[in-house]
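Let's take a guided walk through a two-chain model. Have the picture open while you read.

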Amino acid sequence: MLETALEAIRSIGHRVNDALQTLGFAARFLAMILLYSGQSFRRLRLTIREVYFSGFQSLLIILVSGLFIGMVLGMQGYETLQRYGSSEALGVLVALSLTRELGPVVSALLFASRAGSSITAEIGLMKATEQLTAMDMMAVNPIARVVAPRFWGGVVSMPLLAAMFSAVGVFGGYLVGVVLIGVDEGAFWSQMQGSVDFYLDVWNGIVKSFVFGAAVSLIAVFEGYDAVPTAEGVSSSIKRTVVYSALAILALDLVLTSFMFRGI
Amino acid sequence: MSAECLVRITGVSFAYDDRPILGGIDMEIPRGKLVAIMGNSGCGKTTLLRLIGGQLKPTGGELLVDGQSVPRMTHDELYAMRRRMGMLFQFGALFTDISVFDNVAYLMREHTDLPEEMIRDMVLMKLNAVGLRGAHRLMPAELSGGMARRVALARAIALDPMLIMYDEPFAGLDPISMGVIGQLIRKLNDALGATTLLVTHDVQEALLIADYVYFVSDGQIVAQGTPEDIRASTDPFVHQFVFGEADGPVHFHYPAVPFEEESMSGMGHA
């Protein structure tokens with residue numbers, strides 16, 4: 001009995017120890033990325049290439065999802081607002097929901113699944129096939145050459161994708177609310193214009209998506225770099241990227257929201 | 001240290017945590033020579049290459065490359081030394097997202113400011129040396145195992161290194177490709193005036209091209225000499241290795257408790 005209890009405590013201790021070690025390694029890894037970012041920026045085309053792969057190639061899924069979510073918001077919002085005779089406020093509801101929350105959060109979740117997983121797979125496979133070791137042996141720093149451009153590519157892409165998600169979402173809300181249901185077009189746009197604050201709503205949404213972009217990109221490059229160099233190891237790393245990114249996005253959203261909208 | 005000696009390893013030992021890999025290795029790699037390190041899988045050959053390349057630090061002993069202590073080098077010094085080294089990995093480790101041409105041009109673009117026209121000429125020359133000039137537009141996924149190894153060889157010699165290290169260059173190759181790679185290794189060493197360190201367990205191929213051979217077993221050097229010495233050796237280990245005998249000093253069985261004991265304890269079903 002005592003032995004079983006001790007074994008359980010030991011096992012918990014090992015897990016906590018492993019988690020702390022990984023966290024420490026991730027922090028050092030981020031420091032290395034920042035340290036070698038200068039080298040990486042001197043060859044800007046590497047980062048631009050990653051903006052293309054992570055950002056531009058995620059555009060389709062972001063735009064289609066944004067449109068659908070905007071349309072659903074239009075329907076659900078109208079259904080609720082018309083009970084209180086406030087269906088003209090539909091534009092405000094759609095725009096605030098998207099710029100404050102859904103735009104940054106949903107686009108970051110999609111980004112983690114689409115781009116984050118592919119970054120982890122690419123770096124993990126490069127490690128498994130000794131490409132990173134070969135690079136290091138050729139006196140080419142893999143953090144500066146491979147990791148930092150992918151990290152910054154994600155950080156730059158994320159706010160742009162979130163902004164596009166929100167813009168298309170508003171259009172989706174307009175299509176359903178104004179074109180299909182018949183909400184007054186003037187009220188839809190003017191109430192939106194009057195109620196959406198640039199700093200409080202749009203800017204805070206951009207800040208959120210920037211933070212989410214940094215978190216997802218860091219998790220993706222770290223999991224790839226730290227992957228066990230086998231097929232199973234890379235597969236586990238991809239799974240962790242998606243799970244940890246989703247959890248990080250939702251947890252950071254709570255923290256950021258409580259700071260941004262305190263006192264309101 | 002003799003000026004004729006490019007790599008000098010004195011009493012080098014290495015362990016992963018508590019698991020010893022190398023125990024007090026002494027070795028000299030003379031300039032301009034092709035030295036082969038042979039031994040069975042897991043004996044520490046690749047570890048030795050990683051120590052020389054500075055990817056691992058020895059737990060004891062001294063390791064000098066061109067008169068400089070590798071374990072004491074700073075990051076910048078290490079990278080400066082690696083620019084003068086070429087390494088061919090076991091399966092080539094070509095960059096899979098760029099073409100054969102770009103793989104060979106990679107180092108030239110990273111470490112030199114040469115104009116693109118000159119890089120093009122140099123890359124085609126290197127590819128011509130390994131017989132693959134006509135394949136420069138192909139992607140690594142379109143190459144056979146032997147071709148990939150030759151491209152990796154062209155990449156390893158891209159900047160005319162002073163030391164070229166090969167990690168199992170013959171692994172998984174058919175006899176023709178093996179002979180081609182073996183001859184290329186020898187010719188490139190002589191043509192570039194480089195020094196070559198070849199890690200392999202392919203005895204016959206290595207004995208054909210090497211100037212000097214070290215045999216490593218269980219982290220120790222157990223035999224050394226010229227290929228002629230090795231062929232004439234009566235040492236049981238060398239004999240077993242050269243003639244590929246199943247049992248001898250290197251046992252067929254992984255260490256285990258006696259079979260009867262294991263059967264009686266029922267662990268055989270575990």
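The report below goes from the chains to their helices, strands and contact.

## Before we start

What you see is a predicted model: local features need pLDDT of at least 70, side-chain atom pairs count only at pLDDT 80 or more, and totals for chains, interfaces and linings use all residues. Residues are numbered from 1 along each chain as its sequence is written, while chains are lettered from A and ligands numbered from 1 in the order in which they are written.

## The two chains

Chain A has 9 helices and 0 strands. Here helices (H or I, at least four residues) and strands (E, at least two) are DSSP runs, numbered from the N terminus. The C-alpha trace of chain A spans about 65 × 60 × 35 Å along its principal axes.

## Helices packing in chain A

Look for H2(A) (residues 44-55) and H6(A) (residues 142-181): their axes come within 8 Å and cross at roughly 50 degrees. Axes are lines fitted to C-alpha atoms, for helices over the stretch in contact, and angles run from 0 to 180 degrees between N-to-C directions. That angle makes H2(A) oblique to H6(A); under 35 degrees counts as roughly parallel, over 145 as roughly antiparallel, 65 to 115 as roughly perpendicular and the rest as oblique.

Residues of H2(A) including Leu46(A), Val51(A) and Phe53(A) meet residues of H6(A), among them Trp152(A), Val156(A) and Leu160(A). Contact means that the C-beta atoms, placed from the backbone, lie within 7 Å. By class, the residues of this contact divide into 8 nonpolar, 6 polar and 2 charged. Ala, Val, Leu, Ile, Met, Phe, Trp, Tyr, Cys and Pro count as nonpolar, Asp, Glu, Lys and Arg as charged, and the others, Gly among them, as polar.

## Helices packing in chain B

How do H3(B) and H5(B) pack? H3(B) (residues 100-111) and H5(B) (residues 145-156) have axes 8 Å apart, at an angle of about 25 degrees. That makes H3(B) roughly parallel to H5(B). Val100(B), Asn103(B), Val104(B), Tyr106(B) and Leu107(B) in H3(B) meet Val151(B), Ala154(B) and Arg155(B) in H5(B). This contact has 6 nonpolar, 1 polar and 1 charged residues.

## Strands in chain B

An open sheet of 6 strands runs in the order E6-E7-E8-E3-E9-E10, with mixed pairing; strands pair if DSSP finds at least two bridges between them. E6 (85-88) and E10 (220-225) stand at the edges with a single partner strand each, so one side of each has no neighbour in the sheet. E9(B) (residues 212-217) pairs with E10(B) in the antiparallel sense over 5 bridges, and Tyr214(B) has Gln224(B) as its bridge partner in E10(B).

Elsewhere, E1(B) (residues 5-16) and E2(B) (residues 19-30) pair in the antiparallel sense over 8 bridges. They form a hairpin with 2 residues between them, and Asp17(B) in the turn has a positive phi of about 50 degrees.

## Where the chains meet

The contact takes 10 residues from chain A and 12 residues from chain B. On the chain A side, they divide into 5 nonpolar, 3 polar and 2 charged.

Definitions and conventions
Contact = placed C-beta atoms within 7 Å.
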